Amino acid sequence: MKLLEFARGSAFWIIDSLKGKKVKSALEILHNCEDGVWSEEQVSTYQEEQIQKLLSHAKATVPFYVDQDDTILENWPVVNKNILRSNSNSVLSNKYKKENLIEMSTSGSTGTPFTCWQDSNKKKHVNAETLYYNGQIGFSIGRRIIYLRSVVSEVQKSNFQQFAQNIYLLDCNDLSDNAIKEKLRFIVDYSKGCGAMVMGYASTLTAFQKYFDKYGYDDVEGANVYGVVSGSEMLYDATRLSMEKAFNCRCVSRYANEENGFLGQDSEENNIFLMNRADYFVEILKMNSDEVAEVGEVGRIVVTDLYNYAMPMIRYDTGDVGARVKVIHNGIERYAVGSFGGRIVDSVKDFKGDLVSPHSITNLMWKYKNIKQFQFVQKAKGKYHLIINAQKAEVNETELIHDYKRIFGQESDFSVSYCDDIPVLASGKRRYIVNESTD
């Protein structure tokens with residue numbers, strides 16, 4: 001397996017070299033920005049140069065921004081998924097043909113389907129981000145990765161693709177004790193000898209933690225895991241400690257999304273995220289206005305993607321919340337994002353009472369493009385209610401309930417209601433999965 005890892009890595013870098021060393025160059029910029037090679041002044045100068053290039057490109061080639069004359073980023077409008085979706089025909093650059101772009105889809109933090117488009121150069125930067133952030137816990141090209149996730153057609157990979165990339169997708173829709181036991185056996189078998197990195201949703205890792213609390217750690221004896229990465233939701237300290245004890249390696253929390261890429265990762269302090277300054281400019285804006293939030297004040301996380309020229313995402317409101325905090329990293333004082341609101345979801349159970357991954361719910365919603373937002377509520381054991389922001393005539397309710405019953409059991413009881421908006425919590429987040437059951 002070591003030979004195969006070496007071959008995969010060599011092939012990757014040979015191909016990158018033949019294509020102009022774009023991944024290598026992007027990786028070097030990440031190293032300069034994040035590892036203390038450049039001073040904070042140099043990082044700021046670099047970001048401002050990239051911002052001006054992006055704004056100039058957007059004004060000249062993107063219909064949505066054609067009337068923007070300002071060169072100051074803070075004077076440009078803040079956008080979100082709904083704005084970009086509503087203007088889908090005018091937010092793409094006319095310098096690119098859609099058939100040559102890479103489609104990226106996400107269910108979003110409220111389960112709202114959203115598609116964006118990336119050009120090939122942007123994709124090279126995402127490749128570099130993968131190498132850099134995974135490299136923080138021991139990954140190099142060719143090493144094995146086991147993904148714990150809800151596997152739907154949108155993220156499925158063929159057996160050949162998994163072999164070629166040394167990636168294994170482990171379906172985690174079912175989080176019952178028996179299912180977790182099988183998944184742990186898989187991790188042990190597929191990490192022996194060559195080693196593997198495990199990546200999963202925080203809620204999935206929390207289900208593993210509860211399993212370990214109940215049965216101990218014997219089921220992972222013999223596993224050779226060199227790192228664990230959590231994403232998508234808040235990683236609780238107890239879950240992190242449990243993963244590190246189970247696999248005897250470092251566990252980190254990552255802030256990333258499908259529409260942009262790797263936005264940041266925690267390091268010295270749990271859930272204090274060092275943001276990726278090579279590829280993004282991050283603002284924290286007040287909850288109820290587009291003013292810059294004070295240091296320590298919780299606000300909206302707004303991202304400008306410096307390298308997606310096909311669909312410039314300028315001042316993009318991610319839907320997440322956090323606060324700017326000062327940290328010392330590599331001996332340098334810099335800003336990071338703490339008080340991270342992230343995506344915190346309730347645990348829900350199927351008709352039999354077994355845990356179900358919340359991501360089986362959000363991933364299911366990918367196919368329902370007309371649904372702007374939704375909230376899934378477990379009312380009691382086997383009884384569920386869906387609140388949907390959409391026109392009733394545009395939703396195939398029978399098909400939707402059928403899809404949910406495949407996850408929660410044919411005996412489960414579903415009801416549906418419609419609304420104009422899902423209300424937000426005081427934190428500014430929409431709670432898209434709620435468990436009101438006392439069972």
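With 45% relative accessibility, Asn330 counts as partly exposed (buried is under 20% relative accessible area, exposed over 50%, partly exposed in between, with a 1.4 Å probe and protein chains only). This is a predicted model, in which local features need pLDDT of at least 70 and side-chain atom pairs count only at pLDDT 80 or more, while totals for chains, interfaces and linings use all residues. Residues are numbered from 1 along each chain as its sequence is written, and side-chain values use heavy atoms, with hydrogens and water left out.

Asn330 sits in the loop between strand 12 (316–329) and strand 13 (332–338); helices (H or I, at least four residues) and strands (E, at least two) are DSSP runs, numbered from the N terminus. Most residues other than glycine have a negative phi. Asn330, though, has a positive phi, near 55°. Asn248 also has a positive phi, near 55°, and belongs to the loop between helix 9 (237–247) and strand 7 (251–256). Asn248 counts as exposed, because its relative accessibility is 70%.

Now to the inside. Thr204, in helix 8 (residues 202–215), counts as buried because its relative accessibility is 0%. Beyond its neighbours within four places in sequence, Thr204 is in contact (heavy atoms within 4.5 Å) with Leu148, Cys172, Leu175 and Ser357.

In soluble globular proteins, nonpolar side chains tend to be buried together. A nonpolar core here is a set of buried Ala, Val, Leu, Ile, Met, Phe, Trp, Tyr and Cys residues joined through side-chain atoms within 4.5 Å. The largest has 51 residues, and Tyr65, Leu84, Phe114, Met197, Met311 and Ile314 touch the most other members. Elements giving two or more residues to this core include helix 2 (22–34), helix 3 (40–61) and strand 2 (114–118), with helix 3 supplying the largest share, six residues. Not counting residues up to four places away in sequence, Met311 touches Leu84, Val91, Leu92, Phe114, Thr115, Cys116 and Trp117. A second, separate core of 27 residues includes Ile146, Tyr168, Phe186 and Ala196.

Lastly, a helix pair. Helix 1 (residues 2–18) packs on helix 2 at an angle of about 100°, the axes being 7 Å apart; axes are lines fitted to C-alpha atoms, for helices over the stretch in contact, and angles run from 0 to 180 degrees between N-to-C directions. Helix 1 is therefore roughly perpendicular to helix 2 (65 to 115 degrees). Phe12, Trp13 and Asp16 of helix 1 meet Lys22, Val23, Lys24 and Leu27 of helix 2.

Note on methods. Parallel < 35°, antiparallel > 145°, perpendicular 65-115°, else oblique.
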